[in-house]
Amino acid sequence: MDERNDDVMTGAMLVLVGAILGAGAALLFAPQSGQKTRKDISRYARKTSRKLEGVAGEVVGSVAGMADAVEEKAEELLEMGKDLSRESREAVLAALNEGQERLGRQRDRLAKLMV
């Protein structure tokens, strides 16, 4: 996902740089009145703004997707931890029970030997 985010950010930067360069070129090479040039620049700025809003929406969606993925992974890891804890607890209890049984058998053997 990091690569996709980098691509979106690169695209947004390219759009912004293109807008700035386009506006500068329009000022330098436009054989029209200043008022017409200002209207053209304003129109181009609005169009570029709409494109940037679209890119920003993609970035927001991408970040939200990453947050969801991180949340899912965290939940998965938490469940794995719970399972591991449960298994460890069961193993310890089984070992304790076996130890108690062996201790009981040894106690019975000793009691038989002492009688």
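Which residues make a nonpolar surface patch of about 290 Å²? I found Met13, Leu16 and Ile20 there. For the record, this is a predicted model, where local features need pLDDT of at least 70 and side-chain atom pairs count only at pLDDT 80 or more, while totals for chains, interfaces and linings use all residues. Residues are numbered from 1 along each chain as its sequence is written, and side-chain values use heavy atoms, with hydrogens and water left out.

**Patches.** I noted the patch rule: members have over 30% relative accessible area and no salt bridge, with like charges joined within 9 Å and nonpolar side chains (Val, Leu, Ile, Met, Phe, Trp, Tyr) within 5 Å. Areas come from the Shrake-Rupley method with a 1.4 Å probe, and for residues only the protein chains shown count as cover. Leu16 sits in helix α1, residues 2-29. I get 36% relative accessible area for Leu16, so it is partly exposed (buried is under 20%, exposed over 50%, partly exposed in between; 1.4 Å probe, protein chains only). I also looked for charge and found a positive surface patch of Arg46, Lys47, Arg50 and Lys51. Lys51 belongs to helix α2, residues 34-114.

**Overall shape.** I count 2 helices and 0 strands (DSSP runs numbered from the N terminus: helices are H or I, at least four residues; strands are E, at least two). The C-alpha atoms fill a box of roughly 120 × 15 × 10 Å along the principal axes. The radius of gyration is 35 Å, whereas a compact globule of 115 residues would be near 13 Å (taken over C-alpha atoms; the globule rule is 2.2 Å times the number of residues to the power 0.38).

**Salt bridges.** My search of the whole structure gave 6 (a side-chain nitrogen of Lys or Arg within 4 Å of a carboxyl oxygen of Asp or Glu). I checked these pairs:

- Lys36 bridges to Asp40, with the closest N and O atoms 3.3 Å apart; both lie in helix α2, 4 residues apart, about one turn.
- Arg86 bridges to Asp83 at 2.9 Å between the closest N and O atoms. They are 3 residues apart in helix α2, so about one helical turn separates them.
- Glu98 and Arg102 meet at 2.9 Å, N to O. They are 4 residues apart in helix α2, so again about one helical turn lies between them.

Conventions:
Lys and Arg count as positive and Asp and Glu as negative; His and the chain ends are not counted. The place of a charge is taken as NZ of Lys, CZ of Arg, CG of Asp or CD of Glu.
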